[in-house]
Amino acid sequence: MLAQRTALHDRLCALLPQDIDCLNIRHHGDFHLGQMLIVKDDIFIIDFEGEPRRPLAERRRKAPAARDVAGLIRSIDYSATAALERALKVAPDEQGKLGAVLAEWRDRAAAAFLDTYHEIMTNQRPWPADPHAAEQMLNFFLLEKALYEIGV
């Protein structure tokens, strides 16, 4: 993958159709659970400078809201993985019960976030009205996030 780094970017961009009907917006750029402060019944989102390894011009560029949605979904996944790794250091899980429970929590948490996001974004221009286009765009940004994390 590293040898194909330059070509990979172009191939990834080809996966995302240009005719998806949504607005590019100013977005957080590095949205994850660690960027959220919860105080009583309110949430404060902090640290809006974007991904630190990306050039400033790229961080300032508008993008679909799905980029931040993908970041939060990946963060939910990391939290489940971290909890499992931490728990396994203390108590082995021979039957995989803890892993199964955490995987179910991860799936339910991500689904709850997406369901609520879709409910709020219904008929809003930052999110595609076409469910297939929305799924395609979200999958693109999930893949982009994963590749960024491994340094490609």
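The mean pLDDT of the protein chain (the predictor's confidence in each residue, from 0 to 100) is 87, and 97% of its residues reach 70 or more. This is a predicted model, in which local features need pLDDT of at least 70 and side-chain atom pairs count only at pLDDT 80 or more, while totals for chains, interfaces and linings use all residues. Residues are numbered from 1 along each chain as its sequence is written, and side-chain values use heavy atoms, with hydrogens and water left out.

Helices (H or I, at least four residues) and strands (E, at least two) are DSSP runs numbered from the N terminus. Mean pLDDT is lowest among the elements in helix H1 (residues 5-15), at 75, and highest in strand S1 (residues 36-39), at 94.

Lys-40, although not a glycine, has a positive phi of about 55 degrees; this residue lies in the loop between S1 and strand S2 (42-45).

Nine salt bridges (a side-chain nitrogen of Lys or Arg within 4 Å of a carboxyl oxygen of Asp or Glu) are present in the structure. Three of them are listed here.

| Pair | N to O distance |
|---|---|
| Lys-145 and Glu-51 | 2.4 Å |
| Arg-106 and Asp-77 | 3.4 Å |
| Glu-104 and Arg-108 | 4.0 Å |

Lys-145 in helix H5 (residues 131-149) and Glu-51 in the loop between S2 and H2 are 94 residues apart, so the pair links distant parts of the chain. With buried meaning under 20% relative accessible area, exposed over 50% and partly exposed in between (1.4 Å probe, protein chains only), Lys-145 counts as buried at 14%, and Glu-51 is buried at 7%.
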